[in-house]
Amino acid sequence: MIDQFCIFELGGTVLWSRNFVEVKGDPISVLIRSVLLEDRLSVPELTIQNYTLRWTLDNQRGLIFVVIFQRQLPPPYATDLLQLVRDHFSRVEIPDANALDPSADFDHFSPTFDHLLDKAERRASNSANSALKSTTNRSAPTRKQKPKAEKQPVSNDAKTQNGTLEGGHDSDETTLSPEEVIKRNREAFLSRSRGGRRSGAGGASRGKAKSNAMDVKPTESAPRKKTMRPGNKKSEADVAVLDFSEGKPTDDVVDEEEMEKMRQQYIVSDRNTAYDDILNSDDEDEESDDDDSDDAAADSQAASGLVHFFKGLAGLRSLTRADLKPVMDQFRDDLIGKNVAQDIADKLIESVITSLEGKTMESMTSIKTMVRKALDEALTRILTPRQSTDILAEINARKRKGRPYVIAYCGVNGVGKSTSLAKTCFYLLNHGHKVMIAACDTFRAGAVEQLRTHVKCLGRGVELFDRGYGKDAAAVAADAIRRAKELNYDVVLVDTAGRMQDNKPLMRALSKLVEVNRPDRLFFVGEALVGNDAVDQLTKFNAALTDHQISGSPRLIDGIVLTKFDTIDDKVGAAVSMVYTTGQPIVFIGIGQTYMDLRKLNTRSLVKALLK
Ligand code: GDP
C-alpha cells in the first residue's frame, strides 16, 4: 500500500497530492533538499526513516511524480503507477508541454488517479499470479519425482547418460532386472562422484555421508542433470543457480537480499541520520552546503535546471504577486458570486495578497491551498465578534441590578423585524425570562395588532405594552421600560417602525428613541437576500444615528440580525460585507418563519460555504 502520491510542477507548486495515511515528518522536504537540490536525480529511490520515496520526472513539462510508501512494505505496483500517472499527465492533462498553468486546478484528477491505481494494482497482482504459476510448474516435476524415484530407482537422468532418454523409458524400466537396475544406479552414482558434479565441501561430504543411500540420491539429482543436456544451453553459472540440492537459498531469500542491497544503495545515509536537522536547517546551512560542493565539477555539469526548479519546492522560494494574482482573481470572483460586495471582496483579496507576498512557499502546499488558508483566516477574523454576543449572559448579569435589559430593533420595512423580535422573545421565554414587548411602531397601521397576535401565540411570560398609533415612539419606549421595571420583567424588546435609510424625519425619531432610552442593544435587522443593499442601509442608519443624537457618544447599531438565510442557498456573502463594514457582530440569523427558526451564526460553516 502507498502512503502518499504527489505531483509537483516547475514553479514549485504542488499540482495534486493524495495522502492515504498520515505521513510523519516531511519526507518530501528531505527528498528535495538531500537529493533533488544536490542533483542526485539519477537515484530513483530514497529511503528516509520508515519511508521509501520513489519518483519519476517529466522534464519536458517540468513535473515530478513521487510515491511514498513504508520501506518494509514496498508495493509491487509503485513504479507502474508512477509511469501510468506520468503518461496520463502528458497525454491528457497537459498535452501541450509548454502550456502548463501552475494555478490550474487538478482536483478533477482524483477519480482518474483511483482508476490508474486500480489498474496498477491489478497488473501487479496478475503478474504475481503468473509468476507463481510458472514457479509451480517448474518445481512440480521435482516434487513429484521424489516419491516416484523412491519407487523407481531408475532416473531419467541416468537414462539420459546412457543415451536412452527419448522413448522406451517404461519398457526399458520393465526390461531390467532389479540387480541390473542397482548396478546401473551404482555406475551412475560413481560417474557423478568422479566427475565432481559441483565443487564445495558441503556437497562432497554430503555426497559421501549419503553414499550408502545410493538408491535414493541419484533420483534426487535427476531433474538437475536434465538441465545439462546438450540441447539445453545453460552456463555453469546458470546451472549453479538452478541447483537447489545443496541447501542454497530459495528464490524468495535471494530476492529479499537483492532488495535490501538496492535499498542500501538508494539510502542517502548521511541525510537519514540528520533527518530532523535537515528539516530545521536554516539558510546558513544551505549556503555552506552549496559552498562545500564547489569543487564538484560534476555538479555544474549536471546542473539540469531542475535545481532551480526544486528550490521552489524546498521552502526556499518566495511567493510573488504574479504567482498569487490568477488564484486570487478566481477567489475574488467566487466571493462576489457568493454575494460579497465587490469593493469588500477587492479589499479582502488585496489584504490577503499583501499578507502572502514574499512569504516562503510551504512545501507540499499549492498556491491555491495557501491562498485558501489565508482567506479562511482573514474571513474568520472578520466574522469573529470582538465583543460578546451572549445575550443570555448579559440579561442574567442585568437581572441582579434590578433593571430590565432592553433590546431595540431597527431596519427598513418588511425585512423581518417583528418576526425576529418574536423569535427572540420565544428564545428568552424558553430560557426562563419574563419579556415585555414595547409596540413603538406607532406609524404603520396594523403593526400593533401584529405584535398582539405574536404575544398571544407566544403564551405565558410575555406582555405587550402599547399606546396605539401616532404617539412619540421614544416616549412609548420609556413608558414600557418603566412599567417593565415595576413589574419585574427581565427584558424589554422594542419594536420600531420600518424606515428607509434616507427618510430624515423617521431617522430623527429613531435617533431620539435610542438616545432617550439607551437600550442595551440596538439590533439592525437586514435581509441576507438583498446582500449589498443591506450594507448600504446599515451604513446610512449608523450615519443618521450619529447625526441626530446630541450627546457626544451616540448609541449606534451594535448587533446584526440577518434574516431569510434559508432563502439564499450558498450566497452568504452579505454577512461578510455587513460585518466588514460596521465591525459589529451578527448576533442571530433567521432561517425560516417559525419562532424556532433563529440561530447563532456558525462562523466556521459560513467561511466554509464562502470558500467552497
Ligand atoms: P418587518 O416589516 O420588518 O417587521 O417584517 P416582518 O417581521 O413583518 O416580516 C416580513 C416577512 O418576512 C414575513 O412574511 C415573515 O414571515 C418573513 N420572514 C421573517 N424572517 C424570515 C426568515 O428568517 N426566513 C423567511 N423565509 N422568512 C422570514
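Q: Glu486 and Arg483 both lie in which helix, and how many residues apart are they?
A: An α-helix has 3.6 residues a turn, so residues three or four places apart point the same way. Here, Glu486 and Arg483 both sit in helix H22 (residues 473–486), 3 residues apart, or about one turn of the helix. Helices (H or I, at least four residues) and strands (E, at least two) are DSSP runs, numbered from the N terminus. This is a predicted model, in which local features need pLDDT of at least 70 and side-chain atom pairs count only at pLDDT 80 or more, while totals for chains, interfaces and linings use all residues. Residues are numbered from 1 along each chain as its sequence is written, and side-chain values use heavy atoms, with hydrogens and water left out.

Q: What does Glu486 form with Arg483?
A: Side chains of opposite charge can pair when their charged atoms come close. Glu486 and Arg483 make a salt bridge, with their closest N and O atoms 3.1 Å apart; the term means a side-chain nitrogen of Lys or Arg within 4 Å of a carboxyl oxygen of Asp or Glu.

Q: Does Glu486 count as buried or exposed?
A: The cut-offs are simple: buried is under 20% relative accessible area, exposed is over 50%, and partly exposed lies in between (1.4 Å probe, protein chains only). Glu486 counts as exposed because its relative accessibility is 52%, while Arg483, at 36%, counts as partly exposed.

Q: How many salt bridges does a search of the whole structure find?
A: The search finds 23. One of them joins Asp520 and Arg398, at 2.6 Å from N to O. That pair links distant parts of the chain, 122 residues apart: Asp520 is in the loop between helix H23 (504–517) and strand E10 (521–527), and Arg398 is in helix H19 (residues 391–399). Arg398 has 15% relative accessibility, so it counts as buried.

Q: Which residue forms a salt bridge with Lys540?
A: Lys540 pairs with Asp502, the closest N and O atoms being 3.7 Å apart. This pair also links distant parts of the chain, 38 residues apart, with Lys540 in helix H24 (residues 532–548) and Asp502 in the loop between strand E9 (491–496) and H23. Lys540 is partly exposed at 32%, and Asp502 is exposed at 54%. Elsewhere, Arg321, Glu350 and Glu357 are linked in a network of salt bridges.

Q: Let's turn to the ligand. Which residues around the ligand come nearest?
A: A residue is near a molecule if one of its heavy atoms lies within 4 Å of it. There are 17 residues around the ligand, and Gly414, Lys417, Thr419, Asp566 and Gln593 come nearest. Helix H20 (residues 417–430) gives the largest share of this shell, 4 residues.

Q: Where do N or O atoms in the side chain of Gln450 lie relative to the ligand?
A: One of them is 3.1 Å from an oxygen atom of the ligand. A polar side-chain atom of Lys423 is 3.3 Å from a ligand oxygen, and a backbone N or O atom of Gly416 is 2.9 Å from one. Such a polar contact is a pair of N or O atoms within 3.5 Å.

Q: Is H20 mostly covered or mostly open?
A: H20 is mostly covered, with 10 of its 14 residues buried. Lys417, Leu421 and Lys423 are among them. Just after H20, Gly432 takes a positive phi of about 85°.

Notes:
A polar contact is a pair of N or O atoms within 3.5 Å; within protein, one must be able to donate a hydrogen and the other to accept it, and residues adjacent in sequence count only if both atoms are side-chain atoms.
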